[in-house]
Amino acid sequence: MACDKGFSCGYMLLNPEEVSFVDLMHILFSSDLENRKFVDSSAATEESFGHRWLIFLSVVAQKTLQFVAKPLASIGSAIEMALNVLSSNNGNLFRLILNSIRGQVVIPNRSSENFFSFIGSIDKRPKLDTNIKRGDVRYNAALSMMASKLSYENEAHIRNTVSKNWEMEFLGFHDYWNDYQEKATTQVFMMRDKAEDHDTIVVAFRGTEPFDSDAWCSDFDISWYEIPEVGKIHGGFMKALGLQKCIGFPKDIDQNDKIKSARPKPLAYYDIRERLRQLLKQNDKAKFVLTGHSLGGALAILFPAVLAWHDEKWLLQRLEGVYTFGQPRVGDEKFGEFMKGEMVEHDIRYFRFVYGNDMVPRLPYDDKALMFKHFGTCLYTDRNYVVKIVDEEPNKNYFSPVKAIPMMANSFCELIRSFTISSKKGPEFKEGNFLRFFRIIGLIIPGVPAHCPQDYVNTTRLVSKEVFLQSKDDLSHKTP
């Protein structure tokens, strides 16, 4: 069934599965969109060649990802297993070979609490920073980043870490349905951080896994919807959060709806919203926090946007803050203004962390062709983990020949730092060989290692309290 787009006043939707080679090439030389099966637009033409070029790149990227989905997943699974086999045999290649000769190789179980994801293998630190206690202005940021990192793991791993290492209440791990990809592509876990004078529910959205084509397709999908009085919003992220093919994004879903009951999994937005309602009713003083790394960060900030659009004032008043790490752009300038107004009205704290040359926060482009803009408090961190509040991260669109050499030089300094940081900052900051491998990749593509969770965890642990105290002077709501 075609999507009911009546909820929007404008749209540009890409359907890569419908593309033909002739159509794909023709779009570069013709502004006519009306007869292109793979583009569904409220405008009959697209005059800008720059925009058509980006449509071309987006469709090619998604088609390529769809084509390599299975082999890519298999490669990722093999690498992930190899990393866990190595770590299960004392992390020593010689010991692994010796155990193989003896027939004593330890083969890890993928669903066990000791199995690490690809992302988790980069930074295996399981414990919270004991120097940052409840009541510390850095606490929510540090807890949120650890939750964002943990969201990449399997349910048993998350449950064990939350319950035993963090001594908090594990509320559940959930797979959510994407109506457009017709599979569960969105993962979220919830936990409760509760003490006598403290009750916070944390909702952590999983980010883009390196070998997950579905998640990458959501990232590369530059489709958008324009919501009246809200602005233009990234279509790929809306689909991941719960946009429905046949009825759009209504405020409520009929529990007896045949389409709803036919889905193998629930939709993220509606299920999380209902769970929060039930949990928050248990304690009038309870609050909740939204967080995520990469794609997870985009979903974390989009969730309250949909709440505001649906006029869910009670839930917005209980939202304490949104903490995102390496988050891509979600909407246009009007969307940013709408969100800033809602955050001022409901006193919601929004902190967007960007480390160094991380390429993901610089995407999609901030230019006339794509119209995507960041908003809110940007906490930018350099390689020395000095955090500054800025309107926009430096080199906002990443790809710049002028910046290439300085970025590579910075990556070289980060590689050197990986061998010295534990002696300067403490043993808990020690980096493993797997991360150092990514640091080497960064000598060619600086934005890759900069997106890893390690530097974001370090940022939240080393950031000064003054940065958060300064942000209280209404900096979180100022207009860029």
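Predicted model: local features only at pLDDT ≥ 70, side-chain atom pairs only at ≥ 80, totals over all residues.

Me: OK. How many salt bridges does a search of the whole structure find?
Reply: It finds 27. A salt bridge here is a side-chain nitrogen of Lys or Arg within 4 Å of a carboxyl oxygen of Asp or Glu.

Me: What does D271 form a salt bridge with?
Reply: With R275, and the closest N and O atoms are 2.6 Å apart. Helices are DSSP runs of H or I with at least four residues, strands are runs of E with at least two, and both are numbered from the N terminus.

Me: Is R275 buried or partly exposed?
Reply: R275 counts as partly exposed because its relative accessibility is 32%. D271 is at 17%, so it counts as buried.

Me: And R273, what's its partner?
Reply: R273 pairs with E312, with 3.2 Å between the closest N and O atoms. That links distant parts of the chain, since R273 is in helix α11 and E312 in the loop between α12 (295-309) and α13 (313-317), 39 residues apart. R273 and E312 are both buried.

Me: Where do E393 and R352 sit?
Reply: Their side chains meet in a salt bridge (3.1 Å, N to O). E393 is in the loop between β12 (387-390) and α15 (401-425), and R352 is in strand β10 (residues 349-355), so the pair ties together parts 41 residues apart in sequence. Both are buried.

Me: Which residues do shared partners join into one network?
Reply: D252, R273, E274, R277 and E312.

Me: Switching to packing: at what angle do α2 and α8 pack?
Reply: Helix α2 (residues 49-67) and helix α8 (residues 213-220) pack at about 175°, axes 9 Å apart. Axes are lines fitted to C-alpha atoms, for helices over the stretch in contact, and angles run from 0 to 180 degrees between N-to-C directions. That makes the two roughly antiparallel (over 145 degrees; under 35 is roughly parallel, 65 to 115 roughly perpendicular, the rest oblique).

Terms used:
Residues numbered from 1 in each chain as written. Heavy atoms only, no water. Buried < 20%, exposed > 50% of the residue type's maximum accessible area, 1.4 Å probe, protein only.
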